[in-house]
Amino acid sequence: MTARRIRILLVTTSMAGGAGLYAYQLARDLDRTRFDLRLAFGPGYPLDRAVAGENLPHHILGWSRNLNPIRTVAGTVDLVQLLRREPVDILHAQCSLAGAIGRPLGRLFRVPHVVFTCHAFASRDYQPAWRQAHVPRHRTRHGRVHQTDISPAAMLFATFSSPNALPMRSASP
């Protein structure tokens with residue numbers, strides 16, 4: 001009997017910058033025999049084409065990286081519909097908009113494991129003091145480890161993989 005693959009929804013505001021690259025690499029390289037990883041993101045960045053070109057499972061949300069209440073609502077509705085249609089075992093939200101909306105929706109839809117990774121919101125020295133002050137409160141209030149303390153991939157899959165390695169697909173020689 002074959003065990004069911006672990007269903008992961010990686011939600012990010014967009015495929016821009018390091019967060020987008022991280023999401024793309026994880027979707028491309030994670031062991032597909034053990035994990036069913038899908039991406040959900042707002043459109044408009046070059047990595048969107050790479051995701052589509054490699055036929056990586058993904059869903060386009062109506063979000064924008066710019067503050068736009070109408071697009072925020074549209075993307076939230078898209079995410080609600082996705083969670084109704086395709087239940088997941090892990091919801092990994094990254095970036096502020098995805099975290100602010102994805103975490104409560106994960107709880108609402110009873111996703112067993114909801115993880116949030118903060119990407120450069122307050123963890124960098126160049127950010128204003130009021131943002132930097134948020135990081136310790138976030139750690140305490142949400143009981144999560146911040147990105148600078150442990151890699152996001154290790155944090156996300158610590159429960160499901162061996163302690164020494166992540167289950168990545170082997171590269172072809």
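User: Where in the protein is the place of L21?

Analyst: L21 sits in helix α1. Helices here are DSSP runs of H or I with at least four residues, strands are runs of E with at least two, and both are numbered from the N terminus. One thing to keep in mind: this is a predicted model, where local features need pLDDT of at least 70 and side-chain atom pairs count only at pLDDT 80 or more, while totals for chains, interfaces and linings use all residues. Residues are numbered from 1 along each chain as its sequence is written, and side-chain values use heavy atoms, leaving out hydrogens and water.

User: Why is L21 called partly exposed?

Analyst: Buried means under 20% relative accessible area, exposed means over 50%, and partly exposed is what falls in between (1.4 Å probe, protein chains only). L21 has a relative accessible area of 38%, so partly exposed is the label it gets.

User: And what makes A19 buried?

Analyst: A19 has a relative accessible area of 7%, which puts it under the cut-off, so it counts as buried. It belongs to α1, which covers residues 17-29. Leaving aside neighbours within four places in sequence, A19 is in contact (heavy atoms within 4.5 Å) with T12, Q94, C95 and H119. A19 and C95 are 76 residues apart in sequence, yet 7.3 Å apart in space, C-alpha to C-alpha.

User: Why does C95 count as buried?

Analyst: Its relative accessibility is 17%, and that is under the cut-off, so buried it is. You'll find C95 in the loop between β4 and α4.

User: What is the phi of C95?

Analyst: Near 85°, a positive value in a residue other than glycine. Most residues other than glycine have a negative phi. R110 is another case, with a positive phi near 55°. R110 lies in the loop between α4 and β5.

User: What makes R110 exposed rather than buried?

Analyst: Its relative accessible area is 72%, which is over the exposed cut-off, so R110 is exposed.

User: How do you know that α1 and α2 are roughly parallel to each other?

Analyst: Helix α2 covers residues 46-53, and its axis comes within 10 Å of the axis of α1, crossing at roughly 5°. Axes are lines fitted to C-alpha atoms, for helices over the stretch in contact, and angles run from 0 to 180 degrees between N-to-C directions. Angles under 35 degrees count as roughly parallel, over 145 as roughly antiparallel, 65 to 115 as roughly perpendicular and the rest as oblique. The two helices are therefore roughly parallel.

User: Which residues in α1 and α2 meet?

Analyst: G20, L21 and Y24 in α1 meet L47, A50 and V51 in α2. L21 and L47 are 26 residues apart in sequence and 7.5 Å apart in space, C-alpha to C-alpha.

User: Which residues of the largest nonpolar core touch the most other members?

Analyst: A nonpolar core is a set of buried Ala, Val, Leu, Ile, Met, Phe, Trp, Tyr and Cys residues joined through side-chain atoms within 4.5 Å. The largest one has 20 residues, and L9, V11, W63, L79, L83 and L91 touch the most other members. At least two residues each come from β1 (6-14), α3 (69-85), β4 (90-94), α4 (96-108) and β5 (113-117). Apart from this core lies another of 18 residues, including I6, I8, L47 and I90.

User: How many helices and strands are there in the protein, then?

Analyst: Seven helices and five strands. From the N terminus on, they run β-α-β-α-β-α-β-α-β-α-α-α. Of the protein's 173 residues, 44% count as buried.
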